[in-house]
Structures are given as structure tokens and as C-alpha cells.
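I opened the model today and kept notes as I went. Here is what I looked up, entry by entry.

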Amino acid sequence: MGALIFSLNLTLDGCVDHQEGIADDETHAFFTRLMDEGGAMLWGRVTYEMMESYWPAVARGDVEAPPAMREWAVKLEAKPKYVVSSTRKDFPWANSHHIAGDLREGVQKLKDATPAGVLLGSGKLATELDRLDLIDEYKMLVHPRIAGHGPTLHQGGLPGTRQLELLSAEPLRNGAVAMQYRRAR
């Protein structure tokens, strides 16, 4: 069984607004490495639609982008992408698949079928999956910024505190810190 790894950009004050992080070559290289290590991507509908509205055009070369962003886009195009949605059924972006029905069952099946692991990149979906005790690891890129607004990580709340074990902390040249934790069992 593969692990479910939650990974996201966030500011020091917990803001997960995608526009608040540092979007440079180093950041894109970090997430490209994470994607290369995993077997699939998992998103909620809102994140999927945000990604779908931009990255396929970058992969096709329709949008001007630096090499690190283009590399991310091309690899993302090829990567299996799974989407949790109760409102949308059609996912035409290459290699996209719908997870419908029972959330716990659907995500557990995905984990079981993906030995290389599943990279989760949606904040609201992560809160729901954390409530179901399905997240195994957290690989967060903490940016040296204070946004002063939301949305924030797990804004919807959890039933209790999650105890984590630090596996690594690596500073990047841009000032962000890549933090890796696993759930303490």
C-alpha cells in the first residue's frame, strides 16, 4: 500500500492561498521532485479546476514559461490525476480520473493501488482526509511570508490535535523551508 502524502505551499501564518507563495524555479523543482517520487496526484474539484485552467496550456507550449515550470507542466500532464467531486463528473484533462462515492473507501482503494504513493495537494480535501485518518505524511513548503489572511491550513477544524514526527527540514535558497513529517502512531 502506498502512502498518502499531503503537500502544499503555506506561509508562516498558515495561509494556503496559492498566490502567496514564492513561485520560482527552486519551488517548482521541489514540487517536480515530489511528483516524480509519487505514483499519482489527488485533488478536490476546486484545485483540479484551478490546475486544469493553466497547466495543460503550459505543457503544450501555449503559455510562455521558464524551463522549471514547463518541466513541471509536462510531467503533470503525464501523471495520473484523481479528483474527488460530488458535483462534476467529466474530467477531460489527460490522465484524470474521478473518485466518486464513499470518500474513505475511494481514497483507500487509490492508496492500495498506488505503491509509489499519492500526492495530495488540496487544502479542504486534506482536512476531510485528515478527519478520516488517511494522511500518512506531510511535506509542506513553508514560505518566509506572513499573509495576514486565509484560507488557512485546516481552517475547517479537526476533531483533535495531530501528533507528528519530524523526518526532515531543508532550507531552500529562496528562504522557504521544506518540512517533512509523518503521523506519530
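**Entry 1: D133**

I started at D133, which is partly exposed with a relative accessible area of 42%. My cut-offs, with a 1.4 Å probe and protein chains only, are under 20% relative accessible area for buried, over 50% for exposed, and partly exposed in between. Before going on, I note that this is a predicted model: local features need pLDDT of at least 70, side-chain atom pairs count only at pLDDT 80 or more, and totals for chains, interfaces and linings use all residues. I number residues from 1 along each chain as its sequence is written, and side-chain values use heavy atoms, with hydrogens and water left out.

D133 sits in the loop between α6 (123-131) and β6. For element names I use DSSP runs numbered from the N terminus, with helices as H or I of at least four residues and strands as E of at least two. D133 is not a glycine, yet its phi is positive, about 60 degrees. I flagged that because most residues other than glycine have a negative phi. Going back into α6, I found L125, A126, T127, L129 and D130 buried.

**Entry 2: R183**

Which side chain makes a polar contact with the side chain of D133? I found R183, at 3.2 Å. A polar contact here is a pair of N or O atoms within 3.5 Å; within protein, one must be able to donate a hydrogen and the other to accept it, and residues adjacent in sequence count only if both atoms are side-chain atoms. R183 lies in strand β8 (residues 177-183).

Contact means heavy atoms within 4.5 Å.

**Entry 3: helix α4**

Next I looked at α4 (residues 67-78), which has 12 residues and reaches 17 Å from its first C-alpha to its last, close to the 16 Å expected at 1.5 Å a residue. That expected span is 1.5 Å times one less than the number of residues. In α4 I have A68, M69, W72, A73 and L76 as buried. Seen down the axis of α4, these buried residues fall within an arc of 135 degrees, so they line one face of the helix. The arc is taken from the directions from the helix axis to the C-beta atoms. On the face turned away from the buried side I noted the exposed residues P67 and A78.

What do the buried residues of α4 pack against? I wrote down α1 (25-37), β2 (40-44), α2 (45-52), α3 (55-60) and β3 (81-84).

**Entry 4: the cores**

The largest nonpolar core has 24 residues, and those with the most contacts inside it are W55, W72 and L76. By nonpolar core I mean a set of buried Ala, Val, Leu, Ile, Met, Phe, Trp, Tyr and Cys residues joined through side-chain atoms within 4.5 Å. α1, β2, α2, α3 and α4 each supply at least two residues of this core.

**Entry 5: the loop between β6 and β7**

I146 lies in the loop between β6 (137-143) and β7 (164-171). I have I146 as exposed, with a relative accessible area of 65%. Not counting residues up to four places away in sequence, I146 touches L12 and D13. I146 and L12 are 134 residues apart in sequence but 5.6 Å apart in space, C-alpha to C-alpha.

P151 is in the loop between β6 and β7 as well, and a cis peptide bond joins G150 and P151, with omega about 5 degrees. G156 also has its place in that loop, and at 58% relative accessibility I count G156 as exposed.

**Entry 6: N95**

I ended at N95, in the loop between β3 and β4 (96-99). Its phi is near 60 degrees, a positive value in a residue other than glycine. N95 is partly exposed, with a relative accessible area of 37%.
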